[in-house]
Amino acid sequence: MKHALLEIDGLSVDLLGRQRGDGLRRVIHDVSLTVASGESVGLVGESGSGKSMTTKAVMGLLPRGARANGALRYHGQDISGYNRKELSAYRAKQIAMIYQDPRAHTNPLVKIGDFLIEGVVAAKLMSRADARERAHDLLQSVGITDAGRRMVQYPHELSGGLLQRVMIVMALMSSPSLILADEPTTALDVTVQSEVVAILAEQIRDRSLGMLFITHDLDLAAAISDSLAVMYAGAIVENGSVKAIYDSPRHPYTAGLLASRPSLHEVKRLQAIPGRPLSAFEVAGGCAFASRCPLASQRCLDERPVMREVDGREVACHHPQNVELPTRRPA
Amino acid sequence: MSENILELRNLRKVFAARSAGMSAGIVAVDDVSFDVVRGSSLGIVGESGSGKTTTARIIAGLETAAAGTLDIGGESVDMSRRFNRGPSTLQMVFQDPFGSFDPRQRIGAAIDELLRIGTRLDRTARRARVADLLEQVGLNASHAEELPRNLSGGQRQRAAIARALALRPRILILDEAVSALDVSVQAQVLNLLADIRRDTEITYLFVSHDLAVIRQISDRCIVMQAGRIVEQGTTAEVLTDPQEEYTKRLLDAVPRPGWKPGRGLAHNGSGT
């Protein structure tokens, strides 16, 4: 059987509470997700939904005291079975991350060129000279024409958009097969976001990489992904192709997210979702979304819905057929 | 008959150069003029460095101007020094309500403080007014006893709006006031702001980078780039039939169904 590039299978994560004496707090609840080679998956959720914690689990970077259950498989191999050496090889070579704030992930005292080659040289993947050449080529491929000059500059000499392109290059240096992009364009202006997203999508496509693209912006995720997974309170509530989910959501939370965005084309009263987003540990029994859901029934309060297939996608809802479709907006 | 509550003419702001090599300083706002009709809502939209926030802060009296004149309610206002315009004239709501509340002061006390300074209400009347204000923004009287950190982001922004409305200002400046909120909560606050404007005669100056939010909240809008106004008009016209290249680029960059992200949209964004 052919294995997916990344398989997250029934992942649950518990964190230690912030104060001493607090018990474990559940932040991820039974998340299953696959990313195939060359496939781009958009992981969408609001604050506290657990989307960033999911990427940390995939990287094996959960905070101290965290307890993870379930399986994380890379090419069919369980990551939790890796020893230290295998884990660091996996992080150095197979998988790469791009974060929201490039300035927080660069060293202000290290020149761009030295920063780019540091990882691959330290992991003994290539020589210093080869790494420099590769960095130079990659900078050009993301549209940085004066790559030689940029490599001897410091991070503060580059704008946010340019620095984020450097981070894309950093991610590509070791020729990974999987990219985790965590809100990579959230801090950028819209015109710069458009450019960075275009470059990222192009690199992913040209190199047939798998990508997990994490964002709070459903429109953005839909524009660059093949499939979408919508997270709420630490669990995936709807998972399927962009077209299925975007055109006809079957989970009331997805539908609510689509309806609550203001439109550029018309002014009308927004259909806000009442209440606020919850974290997984705030949810007692039943459906996590029940307290905010217009369709909630007694069953939703008593019984947690499991993921099942409805109209060509997976959805965790007891009443998927009653979800009101958002009115179509002109493209 | 419409009447301008605010008239700004030829505003210019220069920030001092940080290093000796840049003698001229940085021109943040250059020759910006606009009027705001009483009871209307003006959107100011632009990317980072466009001068939109600086313009708002100068109008609010938080920054000084190098040149220009400002009339609020028919009275000339001195923009050459920092000056409180008065909480019953103008109030401001910021992006991060965490930064604008004292972390050790309860929400009710923060609002009460303003009422104590700005009104002659006695303690009981002030308490009732705090409860009214909290209810007006969709909170309730029990939230008065909470510390800012015990409220969610959306609740905190509602409390910030309640406090800004305490002395019934004629103008409310909202600087990226919904940008930090989750989408589902952002819609609640946008609806709230629409309700407040319907029920009162307040005027909004709404600064945002988000074109869809500007469309929702403003009657007229100004598009700023590099310190200058590049386009202005009714929001519906500017955003559905933009005349300027820059406005078109901004609109093209907004993710939407069927959107293809494009290279070459960022003009100044690539930096040095």
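A residue is taken as buried when its relative accessible area is under 20%, as exposed when that area is over 50%, and as partly exposed in between. In this predicted model, Arg150(A) therefore counts as buried, at 6% relative accessibility, whereas Asp146(A), with a relative accessible area of 25%, is partly exposed. The side chains of these residues, Asp146(A) and Arg150(A), meet in a salt bridge with an N to O distance of 3.5 Å.

Salt bridges were counted over all chains, and the total comes to 29. Within chain B, Arg9(B) pairs with Asp35(B), the closest N and O atoms being 2.8 Å apart. Arg9(B) lies in strand 1 (residues 4-15) and Asp35(B) in strand 2 (residues 26-37) of chain B, so that the pair ties together parts that are 26 residues apart in sequence. Both partners are partly exposed, Arg9(B) with a relative accessible area of 30% and Asp35(B) with one of 32%. A further salt bridge joins the side chains of Asp30(B) and Arg228(B), at 3.1 Å from N to O. Because Asp30(B) belongs to strand 2 and Arg228(B) to strand 10 (residues 228-234) of chain B, this pair ties together parts that are 198 residues apart in sequence. Here Asp30(B) is buried, with a relative accessible area of 18%, while Arg228(B), at 43%, is partly exposed.

Between the two chains, 39 residues of chain B are in contact with 49 residues of chain A, and about 3,800 Å² is buried between them, 54% of it on carbon and sulfur atoms. Two salt bridges are counted between chain B and chain A, together with 14 residue pairs in polar contact, both residues being at pLDDT 80 or more. On the side of chain B that touches chain A, helix 6 (183-199), helix 7 (211-217) and helix 9 (245-252) each supply at least two residues, and helix 6 gives the most, with nine. The residues of this side divide into 18 nonpolar, 13 polar and eight charged.

A search of the whole structure finds zero disulfides over all chains. The sulfur of Cys287(A) is 5.9 Å from the closest cysteine sulfur, that of Cys300(A), which is too far for a bond; likewise, the sulfur of Cys293(A) is 6.1 Å from its closest counterpart, in Cys317(A), again too far for a bond. Cys287(A) is buried at 16% relative accessibility, and Cys293(A) is buried at 17%.

Methods. Residues are numbered from 1 along each chain as its sequence is written. Chains are lettered from A and ligands numbered from 1 in the order in which they are written. This is a predicted model: local features need pLDDT of at least 70, side-chain atom pairs count only at pLDDT 80 or more; totals for chains, interfaces and linings use all residues. Side-chain values use heavy atoms; hydrogens and water are left out. Contact means heavy atoms within 4.5 Å. Buried area is the accessible area (1.4 Å probe) that two parts lose on being put together, summed over both. A salt bridge is a side-chain nitrogen of Lys or Arg within 4 Å of a carboxyl oxygen of Asp or Glu. A polar contact is a pair of N or O atoms within 3.5 Å; within protein, one must be able to donate a hydrogen and the other to accept it, and residues adjacent in sequence count only if both atoms are side-chain atoms. Helices (H or I, at least four residues) and strands (E, at least two) are DSSP runs, numbered from the N terminus. Ala, Val, Leu, Ile, Met, Phe, Trp, Tyr, Cys and Pro count as nonpolar, Asp, Glu, Lys and Arg as charged, and the others, Gly among them, as polar. A disulfide is a pair of cysteine sulfur atoms within 2.5 Å. Buried means under 20% relative accessible area, exposed over 50%, partly exposed in between (1.4 Å probe, protein chains only).
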